[in-house]
Amino acid sequence: MSYSTKVIEHTENPRNVGTLDKNDPNVGTGLVGAPACGDVMRLQIKVGDGGLIEDARFKTFGCGSAIASSSLATEWLKGKTIDQAEAIRNVDIVTELDLPPVKIHCSVLAEDAIKSAIADFRAKQAARRDSVAAVAPASEGPVPHGAAREAQG
Amino acid sequence: MTLQLPIFMDYHSTTPVDPRVVEEMLPHFTKSFGNAASRNHAFGWAAEEAVEHARERVGQLLGAASAKEIVFTSGATESNNLAIKGVADFYRDKGDHVVTQVTEHKAVLDTCKRLEKEGLRVTYLDVGKDGRVDPADVAKAIGDKTILVSIMLANNEIGTVQPLREIGEITRARGVLLHSDAVQGVGKVPFDVQSMNVDLASVTAHKMYGPKGVGALYVRRSKPRVRLVAQMDGGGHERGMRSGTLNVPAIVGFGKACDIMRLEGREESARILALRERLRTRLVGELDEVHLNGSFEHRLPGNLNLSFAFVEGEGLMMAIKDVAVSSGSACTSSSLEPSYVLRALGVGDELAHSSIRFGLGRFNTPEEVDYVADLVATKVRKLRELSPLYEMHQEGIDLEKVQWVAH
Ligand SMILES: Cc1ncc(COP(=O)(O)O)c(C=O)c1O
């Protein structure tokens, strides 16, 4: 199989390789795939106070198309809102990188990685709001944790 | 240093034709183009003479008692089909059971699968961690109805050389025929149909610096005389075992390639082994977590099958695209399943995905080996920096214990 020039370009010069602090509440981490299946992607986003993704990083174990798909994803994620990021579809990656049919699963994995990073970020944010809400009413007396959670809607 | 890129290190897949072989072939395309079956004119006689000369040479390399034991075919796929189906068809009254092993080439395994559909019973023996079958397992698998044992000389992925001599003693004692797919090993490791008691052997020219599309099946003619049912009906060429006009130029080239192997094979193997060891020791010395797949001791001189943990094989192949190698990674096949050969050794899927097969051969040089060692070491390091698995490994996380979300 021959690779598209875009895939080759991304694998030779992968963008945004690296690791963000996974314990940072503003960082969402997605780890998808499995070594036994031949590809694992870790994609991380860091969301700024304005709600924009200010940084995105990846590390990928996989073939050239998997590396290129995740590299491209990090490029696209930067500067987007979470909603915009969530709208990225694997077909967009397939089109941009000219992936052949046998490599479509690489783009699917990249979409999964984005979704998983967003879900992680949201879960952290929700947990933080929970703990803030649980702490705030405390001055008016103890509120059961479950009630605070409900108040959040 | 003038190094020609790309570098070919995939000699198990095929080989370039040796210029000395090409030279002998050329006249047979133009001047001496006769049909070897034309019995009544000079063109036919010349072609027949050339074919018989080649037959002698192929027979000599294999240790055949007579050139008449060589049947020319289109390659080893056909030879394997003819051997196994031919024997199964002929000896149907005698038995219905064949013994083989799990790392055989698909040309053997799929032939056996086909016969199973037709009611034959096939035992697929497991191999050890080193890729070898245990001759004792062969002995145990043979029953009253066993007509054939088919065990390869050397494996095309991991280069593991099978204990054929020991197996031959067993099959001979038990009166069962022994077929061997000898494609990868002939000329490179000791092989001889007489001393090894091999009754049928498949070979192909393009793995030994001859042309593609020509091969042979050795069929023993005495003690015991092996009988086959032809699988191709037609003009009755090749003593009725393989009809079809002979590909004279290719057969001539095959003969020459065998002659070169017979005369130079031993010395060449020593040279290639030294190159392979140079490559292996450099890679294992410079990188951590590099695993050798298959037996170290019982191995083709030119074969180096390594798993570079935490790096995916196809990704690595792409990073070293000026070097032609091959991988057991699923990504290189359309099936998305990693190599069944590595699986059979008990190599985990993740290491199978990380495997690279280097196949060294006649035209590789020490300079090429050094270039490849440097390049591979550099790229593996770079890809590990890109690998979440390597990072996790360095953090001390046991990758086996992670709950992976397969997609
Ligand atoms: C072990 C083995 N057997 C059989 C074959 C098939 O040979 P051919 O290409 O001549 O059909 C090959 C080559 O791919 C091989 O490596």
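Helix 2 of chain A covers residues 64-77. This is a predicted model. The helix has 14 residues. From its first C-alpha to its last it reaches 20 Å, close to the 20 Å expected at 1.5 Å a residue.

How many of the residues of helix 2 of chain A are buried? The count is 12 of the 14, so the helix is largely enclosed by the rest of the structure. Buried here means under 20% relative accessible area. The run from A:Gly64 through A:Ser65, A:Ala66, A:Ile67, A:Ala68, A:Ser69, A:Ser70, A:Ser71, A:Leu72 and A:Ala73 to A:Thr74 is buried, and A:Leu77 is buried too. After helix 2 of chain A comes A:Gly79. The phi of A:Gly79 is positive, near 90 degrees.

Now turn to the sheet. Strands of a sheet pair through backbone hydrogen bonds, either parallel or antiparallel. In chain A, an open sheet of 3 strands has the order 1-2-3, and the pairing is antiparallel. Strand 1 (27-34) and strand 3 (53-61) of chain A are the edge strands, as each pairs on one side only. On average, neighbouring strands of this sheet are turned by 10 degrees against each other, direction ignored.

Look next at one pair of strands. Strand 2 of chain A holds residues 39-47. It joins strand 3 of chain A over 8 bridges, in the antiparallel sense. Opposite A:Leu43 stands A:Phe58, in strand 3 of chain A.

Where does helix 2 of chain A lie relative to the strands? Helix 2 lies across strand 2 and strand 3 of chain A. Helix 2 runs at about 175 degrees to strand 3 of chain A.

How values were computed:
Residues numbered from 1 in each chain as written. Chains lettered and ligands numbered in written order. Predicted model: local features only at pLDDT ≥ 70, side-chain atom pairs only at ≥ 80, totals over all residues. Heavy atoms only, no water. Helix = DSSP H or I, 4+ residues; strand = E, 2+ residues; numbered from the N terminus. Expected span 1.5 Å × (residues − 1). Buried < 20%, exposed > 50% of the residue type's maximum accessible area, 1.4 Å probe, protein only. Pairing = 2+ DSSP bridges. Axes fitted to C-alpha atoms, helices over the stretch in contact; angles between N-to-C directions. Contact = heavy atoms within 4.5 Å.
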